[in-house]
Amino acid sequence: MNKVRNDTRGPGRDRLTIRSGTPEENGARPAGTISRRSFLHTGLAAGAGTVAVGVLPSRAEGRRGGLTKGDEAILRFLSAAEILETDAWQQYNELCGIQDSEVPGGTGNALYTAALSVLDSDMAQYVHDNTEDEFTHFTFINAYLMAHGGKPVSLDKYRTLPSSKATGAQQIGRLTNLMKLSVDTTWWTRYRSRNKNPDFGDTFPQAVPGLVMGQFPAIPRTDADLAPLDHLQAIANTAGFHCAMIEQGGTSLYPSLAQRVTDTEVLRVLLSIGPTEAMHFQTWQDKAGNAPPLTDPTNGLVFPDLNSPPFGGEDFQTNLIMPEPTIFLDRKFPVCSIVRPTGTEGAAMGAVKFLTETGLFVGQSAEFFAVLTELAREADAARNEGDQGGDGEGRGGKGRD
Ligand SMILES: [Fe+2]
Ligand SMILES: [Fe+2]
């Protein structure tokens, strides 16, 4: 089976190895090379030994050579975003997902897993599959970058944050912090609004106002967090809303950046990964809606009944998991069921700022933020250099009136 695998066992796990595929492939080409065709159609293949992708040729015949500076910058930012997503998801999977050869690490936490299963009995499977998807996202993007002469992204040196001490978690350095989160839940009301759109400057109320009024764990910090029951359930509920918050971000990020991609194949990469983020978001939105109303007895965090006054109705009703149609591009057009936001100006920096404000990187070094900010700045500087004039202007910004 042809597979791209990243090594998850400690430092250097972002480093790709390619197990090369058929004997024909291996015999026909110099060691360390692989055809673009086989890369794209067989997914980087196997066989005798591993091949360093850094020496792959850049773009094949018929292309304009390597990636444009802008396309590389967009792919590099997305790779970083996916590495960060993966780091968060891996922490969830160790404690409440299925640990197997597809997503190794961790041994599971039975009580936390049971609390998550209140949201849906298949939560462990969904957490596992979401985690595996994120691994493949950054692994593919890094391999694609290298195959076309671009620089892959590694954030390994910033894996400095502590792991949960609860039963089930690996004790390794982390990039993200799931233990001091201020979870933004405006995505809930944003996707239920029929007349507002963040691309028009609109703002949205929180579904769970308490979650942005402090810092809360989305995973048990130690086994002491496994009781009392409503405290543990509050942690599981927090995870339910946090998972959706992360994935709605990816759902917007890909179409936002795709508007400034130049090469049609790079566009294909973004258009093919982006919708999987929407599939994740859709799932998590449905699960978050099953979070039982409660008050955490240890800190007063309230999860309201979103189906009862003063909640309920179109803005909060839990079974409204399809996007309500809303204004798009210009108010003169009829409303449309869409991803929102998708404005392209400053999309990468917006994502960094948003995630930082939610506490996902609490404890990270100044250097980490500098690196992430630079990746975002370069991605936001990218401009579509398309064939129709190439005036250097991005296509975004419209509709932000
Ligand atoms: Fe992803
Ligand atoms: Fe994702």
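Which residue follows α10, and is its phi positive or negative?

Reply: The model is predicted. The residue that follows α10 is Gly 359, and its phi is positive, near 90°. Most residues other than glycine have a negative phi. The helix itself, α10, covers residues 347–357.

Start with the side of α10 that is hidden. Ala 347, Ala 348, Ala 351, Val 352 and Leu 355 of α10 are buried. Viewed down the helix axis, the buried residues of α10 fall within an arc of 140°, so they line one face of the helix. Among the elements that cover these residues are α3 (69–96), α7 and α11 (366–381).

Take α7 as one partner. The axis of α7 (residues 229–258) comes within 9 Å of the axis of α10, and the two cross at roughly 160°. Because of that angle, α7 counts as roughly antiparallel to α10. The crossing of these two helices is left-handed. From α7, the contact uses Gly 249, Leu 253, Ser 256 and Leu 257, while α10 supplies Ala 347, Ala 348, Ala 351 and Phe 354. Sorted by type, the residues of this contact are six nonpolar, two polar and no charged.

Now the other partner, α11. The axes of α10 and α11 come within 7 Å and cross at roughly 155°. This angle makes α10 roughly antiparallel to α11 too. On the α10 side, the residues in contact are Ala 347, Ala 348, Met 349 and Val 352. On the α11 side they are Leu 372, Thr 373, Ala 376, Arg 377, Ala 379 and Asp 380. The contact of α10 with α11 divides into seven nonpolar, one polar and two charged residues. Putting the two contacts side by side, Ala 347 and Ala 348 of α10 take part in the contact with α7 and also in the contact with α11. Both residues are buried.

Leu 329 is in the loop between α9 and α10. Leu 329 is not a glycine, yet its phi is positive, about 65°. Having 14 C-beta neighbours inside 10 Å, Leu 329 counts as partly exposed. Pro 341 is in the loop between α9 and α10 as well. The peptide bond joining Arg 340 and Pro 341 is cis, with omega about 0°. Most peptide bonds are trans. Another cis bond runs from Pro 309 to Pro 310, with omega near 5°. Pro 310 belongs to the loop between β5 (302–303) and α9 (313–316).

Return to α7 for one of its residues. Ile 246 is found in this helix. Ile 246 has 26 other C-beta atoms within 10 Å, and it therefore counts as buried. Setting aside residues up to four places away in sequence, Ile 246 touches Glu 85 and Ala 88. Phe 281 is 35 residues from Ile 246 in sequence, and their C-alpha atoms are 8.0 Å apart.

Helix α5 (residues 123–147) packs with α8 (residues 264–288) at an angle of about 160°, their axes being 11 Å apart. The two helices are therefore roughly antiparallel to each other, and α5 passes α8 in a left-handed crossing. Met 123, Tyr 126, Asn 130, Asp 133, His 137 and Tyr 144 of α5 meet Val 269, Ile 273, Thr 276, His 280, Thr 283 and Lys 287 of α8. By type, this contact holds five nonpolar, five polar and two charged residues.

Apart from residues up to four places away in sequence, Thr 113 touches Cys 96, Gly 108 and Ala 124. Its C-alpha atom is separated by 7.4 Å from that of Gly 97, which is 16 residues away along the chain.

Last comes the chain as a whole. The protein chain has eleven helices and five strands. Buried residues make up 46% of its 401 residues. Of the contacts between residues at least 6 apart in sequence, 73% join residues at least 24 apart.

Notes. Residues numbered from 1 in each chain as written. Chains lettered and ligands numbered in written order. Predicted model: local features only at pLDDT ≥ 70, side-chain atom pairs only at ≥ 80, totals over all residues. Axes fitted to C-alpha atoms, helices over the stretch in contact; angles between N-to-C directions. Helix = DSSP H or I, 4+ residues; strand = E, 2+ residues; numbered from the N terminus. Parallel < 35°, antiparallel > 145°, perpendicular 65-115°, else oblique. Left-handed = near helix turned anticlockwise from the far one by under 90°. Contact = placed C-beta atoms within 7 Å. Nonpolar A, V, L, I, M, F, W, Y, C, P; charged D, E, K, R; others polar. Buried ≥ 20, exposed ≤ 12 C-beta atoms within 10 Å, placed from the backbone. Arc of directions from axis to C-beta.
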